Amino acid sequence: MDGVFPIGDRPMQLDLFVALPGDMAVRDQQDLMAHPFFSLAKSKRTAPIDYAAGDVRIRVEGTAEHGLATIWDADVLIWAASQLVEARDAGLRTARLLSATPHQILTFTGRGTSRRDYQRLRAALDRLQATTVVTNLRQPDLRRRHRFSWINEWKERADAAGRPLGLELILPDWFYQGVLADAFVLTIGREYFGLTGGIERWLYRLARKHAGRQPDGWAFDFRHLHAKSGSLARFANFAIDLRTVARRQRLPGYRLAVERRPDGGERLRFAPQIYPQTRGINR
């Protein structure tokens with residue numbers, strides 16, 4: 001829900017958290033790092049993501065108008081997670097209703113601040129609001145499902161004269177509770193925002209989640225990665241993309257290597273190289 005609303009026109013039942021100024025560590029929510037919640041393509045994707053692994057079930061749906069939220073749109077959620085953890089660690093009260101300026105979000109995520117960048121941020125907020133997720137992750141009973149949108153609502157704020165005052169957005173409880181649980185947040189390198197490829201971004205988050213600081217890193221079979229990505233690409237094309245990423249070695253803090261298994265299959269190994277500068281919650 002976008003548009004311009006007068007200040008004070010906000011859900012009365014929710015407390016307001018005003019975004020903190022200044023630099024802070026970049027935090028990511030581990031469920032979002034480990035599972036296929038976002039489209040990796042820059043072109044609009046309307047086909048849903050259906051993922052099942054063990055007891056975990058995830059379905060992500062978009063609309064014909066906006067498509068699925070992308071891994072670039074998820075930068076807004078990384079910004080929100082960083083804000084919430086920073087405030088909590090400082091002993092400040094947090095809330096699902098966040099107030100910020102577009103400039104704060106854009107600069108934190110390494111974007112420009114031109115008119116076009118502001119328009120892209122609005123489009124990202126629209127996709128996050130229009131995308132719905134159904135999952136049993138973090139449910140006490142795995143037979144139960146939780147349905148939510150990445151952003152329940154968002155709106156642009158203005159004063160009585162119509163001058164812009166920033167924006168407000170409401171985070172879903174599923175995401176909010178996951179961020180504020182210590183075990184579900186990791187610090188990531190700010191260089192992440194400089195990664196331009198969808199698969200590169202996804203692989204970095206996966207490496208940070210699974211390889212962490214383990215000396216030997218972590219390895220995934222190519223076919224497992226294909227299923228875990230939620231990508232619509234044919235496996236053969238996806239494998240080419242993995243080899244290309246490994247050859248370019250652009251993932252900050254990790255060295256990638258393609259290994260051949262005895263049965264002829266391939267796997268991708270992530271080995272820590274240079275650890276990101278971190279503070280706060282980390283592993």
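Predicted model: local features only at pLDDT ≥ 70, side-chain atom pairs only at ≥ 80, totals over all residues.
The account opens with an open sheet. Three strands form this sheet, in the order E12-E14-E13, and the pairing is antiparallel. Strand E12 (218-221) and strand E13 (254-260) are the edge strands, and each pairs on one side only. The twist averages 20° from one strand to the next. Between E13 and strand E14 (residues 266-272), the antiparallel pairing runs over seven bridges. Within this pairing, Tyr254 stands opposite Pro272 in E14.

Several residues of H7 are buried: Phe222, Leu225, His226, Lys228 and Ser229. Just after H7 comes Gly230, which takes a positive phi of about 75°.

Strand E4 (residues 49-53) contains Ala53. Ala53 has a relative accessible area of 32%, so it counts as partly exposed, between the cut-offs of 20% and 50%. Ala53 and Gly264 are 211 residues apart along the chain, and their C-alpha atoms are separated by 24 Å.

Most residues other than glycine have a negative phi. Arg138 has a positive phi of about 60°, although it is not a glycine. Arg138 sits in the loop between E7 and E8. Its relative accessibility is 28%, so Arg138 counts as partly exposed. Gln139 also has its place in the loop between strand E7 (132-135) and strand E8 (146-149). Gln139 is buried, because its relative accessible area of 18% falls under the 20% cut-off. Beyond residues up to four places away in sequence, Gln139 touches Arg144, His146 and Trp174.

Gln249 is not a glycine, yet it has a positive phi of about 55°. This residue lies in the loop between helix H8 (235-248) and E13. Gln249 counts as partly exposed, with a relative accessibility of 23%.

Attention now turns to the largest pocket. About 590 Å³ of space lies in this pocket. It is lined by 28 residues, and the closest to its centre are Trp72, Asp73, Arg111, Arg120 and Arg127. Three helices each supply at least two residues of the lining: helix H2 (75-89), helix H3 (102-108) and helix H4 (115-130). The largest share comes from H4, with five residues. By class, the lining has 10 nonpolar, eight polar and 10 charged residues.

Note on methods. Residues numbered from 1 in each chain as written. Heavy atoms only, no water. Helix = DSSP H or I, 4+ residues; strand = E, 2+ residues; numbered from the N terminus. Buried < 20%, exposed > 50% of the residue type's maximum accessible area, 1.4 Å probe, protein only. Contact = heavy atoms within 4.5 Å. 1 Å grid on protein atoms, 1.4 Å probe; cavity = no way out; pocket = protein on both sides within 12 Å on 5 of 7 lines; lining within 4 Å. Points joined across faces, edges and corners; volume = space filled by probe spheres on them. Nonpolar A, V, L, I, M, F, W, Y, C, P; charged D, E, K, R; others polar. Pairing = 2+ DSSP bridges. Axes fitted to C-alpha atoms, helices over the stretch in contact; angles between N-to-C directions.
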